[in-house]
Amino acid sequence: MKFITVDTYEKLSRQAANIISAQVIIKPDCVLGLATGSSPLGTYKQLIDWYNKGDIDFSSVTSVNLDEYVGLDGSSNQSYRYFMNKNFFEHINIDINNTFVPNGCADDLVTEGLNYDRHIEELGGIDLQLLGIGLDGHIGFNEPDRYFVKSTHVVDLHESTIKANSRFFANEDEVPKQAITMGMVSIMQAKKILLIASGKAKYDILKKAFYGPITPEIPASILQLHPDITVIYSEN
Ligand code: F6R
């Protein structure tokens with residue numbers, strides 16, 4: 001594991017964008033696993049900037065996102081599909097048909113999960129998976145549990161996650177109580193993993209996840225077993 005600490009969010013974003021752009025340059029038709037939330041916003045901004053300067057070409061890239069709220073479709077501006085379109089995809093030359101986010105409005109969410117995993121497998125797996133980490137140690141929306149869940153599945157969001165994510169909604173009551181998230185197999189089978197976290201509030205959970213015991217009670221701790229993971233942490 002490579003653990004990089006920097007002092008600012010700008011530096012974190014630049015380093016993360018560097019790793020992603022290197023992946024796209026080395027393998028233009030790569031599969032990127034992408035995340036939403038505050039952590040990757042600066043990374044996406046930096047990648048858009050380099051794209052505008054002509055330094056990166058996303059035309060052959062495929063992306064698969066980690067998760068989506070149950071009950072929100074892409075037209076809802078709180079959905080993760082909307083977040084990805086607005087904050088990244090609409091600003092680069094990725095083919096929108098090659099961008100995938102689990103469908104939180106599927107009639108049968110179990111089948112949706114199975115199909116999502118099968119699709120990732122058919123793509124040849126994820127070349128580089130970008131992750132954030134929740135204050136409770138979640139990755140994707142794999143919340144603390146008694147066991148690691150392998151496949152893409154529906155999860156009940158924990159109170160702390162609902163509270164943390166309420167900043168994107170008018171109030172806490174509007175935050176969906178469930179999400180569909182990639183499970184541990186697709187994440188752990190990614191060839192490379194890049195986890196980014198910023199702010200002092202994330203420090204304790206990072207320490208527990210990467211230097212404590214591997215336990216489903218801290219889902220991110222499973223990443224200690226991954227052979228090629230880089231963690232970038234910024235204090236601010
Ligand atoms: C989002 C996701 C989540 C976030 C995590 C951290 O797609 O999968 O695991 O990465 O909740 O969120 P931020 O970056 O907003 O602190």
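A polar contact here is a pair of N or O atoms within 3.5 Å; within protein, one must be able to donate a hydrogen and the other to accept it, and residues adjacent in sequence count only if both atoms are side-chain atoms. Keep in mind that this is a predicted model, where local features need pLDDT of at least 70 and side-chain atom pairs 80 or more, while totals for chains, interfaces and linings use all residues. Residues count from 1 along each chain as its sequence is written, and side-chain values use heavy atoms, leaving out hydrogens and water.

Start with Arg167: one of its polar side-chain atoms is 2.7 Å from a ligand oxygen. The protein buries 93% of the 410 Å² that the ligand exposes when taken alone (Shrake-Rupley, 1.4 Å probe).

Next, pick Ser39, with a side-chain N or O atom 2.5 Å from an oxygen of the ligand. For His138, the corresponding distance is 2.7 Å.

Now show the whole shell: 14 residues surround the ligand (a heavy atom within 4 Å), with Asp67 and Gly140 also among the closest.
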